[in-house]
Amino acid sequence: MGRRKARPVSTIALKAGQGADVRNHPYPQRSPVLGLVFGGTQVLVTTSANDHVTLDDVEFARSLAREAAMFAGAVERMFHGLPNGPGVAGR
């Protein structure tokens, strides 16, 4: 994926927990929007343009899904006390 080549200069940490939410908002006439809500803060993830999707957008979406799945697996393993085990994600 060719989007990010340099290290970020800033980092924002948003803590998940009770009240945190994530939603996909598909639209028939424009590109989809992924909404992440952390209390009073909302983050919207969109494609590079509202009216079309590029190959970079598809690659980013796939990378986001892959990394989110790995994050979920790590959280599940930690919740179940399995630091190196398969956890519920691997079953």
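1. The chain holds one helix and three strands, and along the sequence they come in the pattern β-β-β-α. Helices (H or I, at least four residues) and strands (E, at least two) are DSSP runs, numbered from the N terminus.

2. Before you read on, keep in mind that this is a predicted model: local features need pLDDT of at least 70 and side-chain atom pairs count only at pLDDT 80 or more, while totals for chains, interfaces and linings use all residues. Residues are numbered from 1 along each chain as its sequence is written, and side-chain values use heavy atoms, with hydrogens and water left out.

3. Now the sheet. The three strands make an open sheet in the order β1-β2-β3, with antiparallel pairing. β1 and β3 are the edge strands, each pairing on one side only. From one strand to the next, the twist averages 20 degrees; the axes behind such angles are lines fitted to C-alpha atoms (for helices over the stretch in contact), and angles run from 0 to 180 degrees between N-to-C directions. Two strands pair if DSSP finds at least two bridges between them.

4. Take β1 and β2 next. Strand β1 covers residues 21-27 and pairs with β2 in the antiparallel sense over six bridges. The hairpin that joins β1 to β2 runs through two residues.

5. On to the other side of β2. Strand β2 (residues 30-38) pairs with β3 (residues 41-45) over five bridges, again in the antiparallel sense. Gly 35 stands opposite Leu 44 of β3, and Leu 36 has Val 43 of β3 as its bridge partner. These two strands form a hairpin with two residues between them, and Gly 39 in the turn has a positive phi of about 60 degrees. As background, side chains in a regular strand alternate between the two faces of the sheet.

6. Asn 50 deserves a look. Asn 50 sits in the loop between β3 and α1 (55-79). Buried or partly exposed? Asn 50 counts as partly exposed because its relative accessible area is 46%; buried means under 20% relative accessible area, exposed over 50%, and partly exposed in between (1.4 Å probe, protein chains only). Leaving aside residues up to four places away in sequence, Asn 50 touches Arg 30 and Ser 31, where contact means heavy atoms within 4.5 Å. With Arg 30 there is a side-chain to side-chain polar contact at 3.4 Å. That term covers a pair of N or O atoms within 3.5 Å; within protein, one must be able to donate a hydrogen and the other to accept it, and residues adjacent in sequence count only if both atoms are side-chain atoms.

7. As for the helix, the 25 residues of α1 should span 36 Å at 1.5 Å a residue, and its end C-alpha atoms are 36 Å apart, so the two agree. The expected span is 1.5 Å times one less than the number of residues. The buried residues of α1 are Asp 57, Ser 63 and Gly 73. After α1 comes Gly 81, with a positive phi near 70 degrees.

8. Finally, the whole chain. Of its 91 residues, 11% count as buried. Among contacts between residues at least 6 apart in sequence, 15% join residues at least 24 apart.
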